[in-house]
Amino acid sequence: MRITISGTPGSGKSTVAKLLAKELGYPYLNFGQIFRAAARRRGMTLEAFAAYVNTHPELDRTFDAQLVARAKKHRHLILEGRLAGWMTKRAKIPALRIWITAREAVRVDRLMQRDGEPRNETLRKLRERARGEADRYRRTYRVDLADRSPYDMVIATDDMNSRQLAAVILKEIHARKARH
């Protein structure tokens, strides 16, 4: 089964995707890591690279084409990325599509813990990133990130840890496997 994990920064996507990959024995593709590696190769910060990609939409298209190609190649795979659900849906690739989110304050707390930056800086970066991505994806793909219609599951993780989130998703995976 292909599983896409999409959602907001700081919602727990990467952590749960890694847990699911380990539990299921599936390969795991993290689009954020690909994006960060591309920024490093260019000697750019994540923020600077995102601004650069904003004016070079062909880069987004190239990255997302790689995601779709991997999804087509593997029947069992965890794909994590903001547009993974949208891209697999548009390419008519069967998948369990999951959107994960949490309230902004919760996400800021998580990102502060992960990145070690002060609250005001974390909040500024989070909001700037959200605006930039929303605009970029709307322009490049005509995707509204607020539209959850491609997703089979939408999960708020405000009061969940990663193990609880993984358990919710695994329950759905097992239920789907039992039906097929």
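Trainee: At what angle do helix 4 and helix 7 pack, and how far apart are their axes?
Mentor: Two packed helices are described by the angle between their axes and the distance between the axes. In this predicted model, helix 4 and helix 7 pack at about 80 degrees, with their axes 10 Å apart. Angles of 65 to 115 degrees count as roughly perpendicular, so helix 4 and helix 7 are roughly perpendicular to each other.

Trainee: Which residues meet there?
Mentor: From helix 4, Pro 57, Asp 60, Arg 61 and Asp 64; from helix 7, Arg 136, Tyr 137, Thr 140 and Tyr 141. By class, that contact has three nonpolar, one polar and four charged residues.

Trainee: And how do helix 2 and helix 4 cross?
Mentor: The axes of helix 2 (residues 31–41) and helix 4 (residues 57–73) come within 11 Å and cross at roughly 140 degrees. That makes helix 2 oblique to helix 4. Their crossing is right-handed.

Trainee: What does each helix bring to that contact?
Mentor: Helix 2 brings Phe 31, Ile 34, Phe 35 and Ala 38, which meet Asp 60, Phe 63, Asp 64, Gln 66 and Leu 67 of helix 4. Sorted by class, you get six nonpolar, one polar and two charged residues.

Trainee: Which residues of helix 6 are buried?
Mentor: Val 106, Arg 107, Val 108 and Leu 111. These buried residues pack against helix 7 (119–141). After helix 6 comes Gly 116, with a positive phi near 70 degrees.

Technical notes:
Residues numbered from 1 in each chain as written. Predicted model: local features only at pLDDT ≥ 70, side-chain atom pairs only at ≥ 80, totals over all residues. Heavy atoms only, no water. Axes fitted to C-alpha atoms, helices over the stretch in contact; angles between N-to-C directions. Helix = DSSP H or I, 4+ residues; strand = E, 2+ residues; numbered from the N terminus. Parallel < 35°, antiparallel > 145°, perpendicular 65-115°, else oblique. Left-handed = near helix turned anticlockwise from the far one by under 90°. Contact = heavy atoms within 4.5 Å. Nonpolar A, V, L, I, M, F, W, Y, C, P; charged D, E, K, R; others polar. Buried < 20%, exposed > 50% of the residue type's maximum accessible area, 1.4 Å probe, protein only.
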